[in-house]
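This report describes selected local features of one protein model.

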Amino acid sequence: MRIQVLGSSAGGGFPQWNCNCTNCDGLRQGRIQARARTQSSIAISATGQDWLLVNASPDILQQIAQTPALQPARAVRDSGIAAVLLMDAQIDHVTGLLMLRERQTPLPLLATPEVLSDISDGFPITRILSHYCKVAPTELPIDGRTTDIPGLPGVQVQTVALSSKPPPYSPFRGNPRPGDNIGLLVHNPATGAKAFYAPGLAAVTPELLDIMGGCDVIMVDGTFWTHDEMQREGLSKKAALDMGHLPQSGPGGMIEQLDKLPKSVRKILIHINNTNPMLIEDSKERALLTEHGIEVAFDGMEVVL
């Protein structure tokens, strides 16, 4: 089973189109050692031809162009994207669905009832797509049951309800529900290997540590380095946890949490905001991550289970 990182950035990408922060301007001007990144998404396949797209970012067309396996060209019109699974209803994770409207058959779409309700009413993508390819929705349970993916034999997933917030447009923004944001446990039944994916994570509970500790690889929230990162940059009045993201540094931060996992677990940070200093490859923050055995995801990264 292959997990392909299509995009590793948080919303807006890196560099962000309208941002002149130290990182974005530094990358444009060639002053820093860093890679450009598109908005976060991964693809999973057991065959190398048919893929589960996990989150459909606004950069999906660029990501398809950069990933030949997603365009196998078995017919005049073809796609390796067999189904899409949504982790949440955030704009940077669902807007790319609109770019898939030219599909010839209804798009298999897996999400929790809470996410499906948000993209049917608050941000009515499914209603818009009903005028084009249509969608074939499947509700994901959050009670620990394993789900087989339609059209993707050999790929099994299990959802984990996470502490985070629904998108700002959701009527439940101030009253989060268990299914608003999920982590994804991916299981390869052929090898027994497991991976955990959670690009939006506000808290790491003992139960979640147990789940991650039983995995071969984890990809988790790498959005902000510090709690007040956006405030110090003058880019937002909100802190990291206000936006549903556990920062890497500080007491109780992601580094401290990941240090609790067995050394056998491969630890990768994904969904990295453009302001995060760990994007700079020769920074002290990146060196600290290396000391703790933590990797930073990049577009095109591949993990084999």
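## Basis of the description

A polar contact is a pair of N or O atoms within 3.5 Å; within protein, one atom must be able to donate a hydrogen and the other to accept it, and residues adjacent in sequence count only if both atoms are side-chain atoms. The model is predicted, with local features requiring pLDDT of at least 70 and side-chain atom pairs counting only at pLDDT 80 or more, whereas totals for chains, interfaces and linings use all residues. Residues are numbered from 1 along each chain as its sequence is written, and side-chain values use heavy atoms, with hydrogens and water left out.

## Thr 67

The side chain of Thr 67 reaches the backbone oxygen of Gln 63 at 2.8 Å. Thr 67 itself belongs to the loop between helix H2 (60-65) and strand E4 (81-85); helices (H or I, at least four residues) and strands (E, at least two) are DSSP runs, numbered from the N terminus.

Thr 67 counts as buried because its relative accessibility is 11%. Buried means under 20% relative accessible area, exposed over 50%, and partly exposed in between (1.4 Å probe, protein chains only). Leaving aside neighbours within four places in sequence, Thr 67 is in contact with Gln 4 and Leu 6, contact meaning heavy atoms within 4.5 Å.

## Lys 267

Lys 267 is placed in strand E12 (residues 266-270). With a relative accessibility of 8%, Lys 267 also counts as buried. A polar atom of its side chain lies 3.3 Å from the backbone oxygen of His 292.

Apart from neighbours within four places in sequence, the contacts of Lys 267 include Ile 218, Leu 258, Leu 261 and His 292.

Strand E7 runs antiparallel to strand E8 (residues 152-161), and four bridges join them; two strands pair if DSSP finds at least two bridges between them.

Within E8, Gln 158 is the bridge partner of Thr 146. The hairpin has two residues between the strands, and Gly 151 takes a positive phi near 80°.
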